[in-house]
Amino acid sequence: MTRAQTDIDAETSEAAIAWLVRLQGETVTEGDWLAFDAWLTASPTHAQAYDDALAFDQGLDLDARFAEAAPAGAPLSTPLAANVVPLRPARRVWIWSAGAAIAAAFVAGAVLVPSKGLIGGRETTYVTGVGERRAIALEDGSRIDMNAASRVTVRFERHARRIKMDDGQVFFDVAKDSSRPFLIAAGDTQVRVVGTQFDVRRRDGQVAVNVQRGLVEVRPNLASGATPFRLKPGQGLSHHEGRAADAKLQAVAVEEIAGWRQGRLIYRDQPLSQIAGDMNRLFPRPVKLGDAEVANMRLSGVLIVDEQDAMVDRLSHLLPVKTTTTEDAIVIRAR
């Protein structure tokens with residue numbers, strides 16, 4: 001079905017171009033994306049104007065042609081490359097259908113019965129499946145929010161609170177208790193805190209820790225004996241397991257650290273292979289990448305979580321890719 005075309009005035013066209021340039025800036029924040037989302041959904045002509053600007057940009061240098069249209073103070077990017085593009089957020093249609101595309105947020109995940117007879121502590125394992133998220137209140141007053149397809153084991157001892165993270169992503173809000181530090185083991189990484197808010201992601205052999213509040217001590221390789229990193233709010237550390245020497249400390253926007261809890265997948269120059277992996281944890285029908293070329297395409301931007309078909313369709317409009325949908329899978333290949 002072809003969308004009905006409507007007249008777009010010059011002011012709306014200029015605003016659409018300005019947004020396209022602004023969202024390519026290296027300093028763009030989730031606040032910018034939220035403002036853009038509000039502008040985009042305020043009128044059907046806004047969405048049409050943005051689509052037109054996006055299509056027009058495919059063969060042009062936007063920075064040189066439309067610099068005058070950018071809002072005051074908006075950063076201008078380098079010319080847009082075909083494989084580095086912003087993801088246009090969809091309208092906030094929160095469709096989390098149980099048993100179909102994705103389960104409702106915070107549905108009960110599988111919980112193993114607490115082990116008995118442990119010396120010095122009690123242990124419980126929490127699991128979320130594909131499309132499941134869960135918020136858990138721990139007995140010490142801490143809270144954890146588990147993303148889809150995650151697994152953590154909690155053990156409280158007399159002198160320590162211990163968490164073991166298998167593959168997964170968890171946001172921690174730790175209750176302060178100076179007599180019992182909160183210790184997280186995620187692969188070869190140990191995270192140590194007393195009371196703070198932070199996010200830990202362990203996916204596909206990579207560990208990332210991002211701090212929203214307080215101080216967090218991160219040791220990328222516990223066995224190495226090296227001095228740990230001490231992260232402040234707005235700082236993050238990431239590395240591949242077994243390669244602690246490559247650990248990178250970087251600035252992160254505080255408001256973006258747990259964007260996934262509000263249904264926003266936020267990417268900074270990440271490969272399409274990671275985006276496909278994240279989608280496969282949200283939906284039961286797998287997304288497969290047909291070749292190495294498409295797997296290595298990189299994206300920056302915010303992808304709003306709604307229906308799987310809608311999310312994949314936006315990718316096919318923004319990247320030089322084509323998709324094939326069957327009952328069993330969605331295959332993405334380079335055009």
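This is a predicted model: local features need pLDDT of at least 70, side-chain atom pairs count only at pLDDT 80 or more; totals for chains, interfaces and linings use all residues.
Mentor: Residues are numbered from 1 along each chain as its sequence is written, and side-chain values use heavy atoms, leaving out hydrogens and water.

Trainee: What makes E17 and E19 the edge strands?

Mentor: The sheet is open, with 3 strands in the order E17-E20-E19 and mixed pairing. Strands (DSSP runs of E, at least two residues, numbered from the N terminus) pair if DSSP finds at least two bridges between them. Strand E17 (287-289) and strand E19 (321-325) each pair on one side only.

Trainee: How do you know that E19 pairs with strand E20?

Mentor: The definition asks for at least two bridges, and 5 bridges join E19 to E20 (residues 330-334), so these antiparallel strands pair. Thr 324 stands opposite Val 331 in E20.

Trainee: Why is Ala 149 called partly exposed?

Mentor: Buried means under 20% relative accessible area, exposed over 50%, and partly exposed in between, with a 1.4 Å probe and protein chains only. Ala 149 has 22%, so it is partly exposed. Ala 149 lies in the loop between strand E4 (143-146) and strand E5 (150-157).

Trainee: What is the phi of Asp 269?

Mentor: Asp 269 has a positive phi of about 55 degrees, although it is not a glycine. Most residues other than glycine have a negative phi.

Methods. Helices (H or I, at least four residues) and strands (E, at least two) are DSSP runs, numbered from the N terminus.
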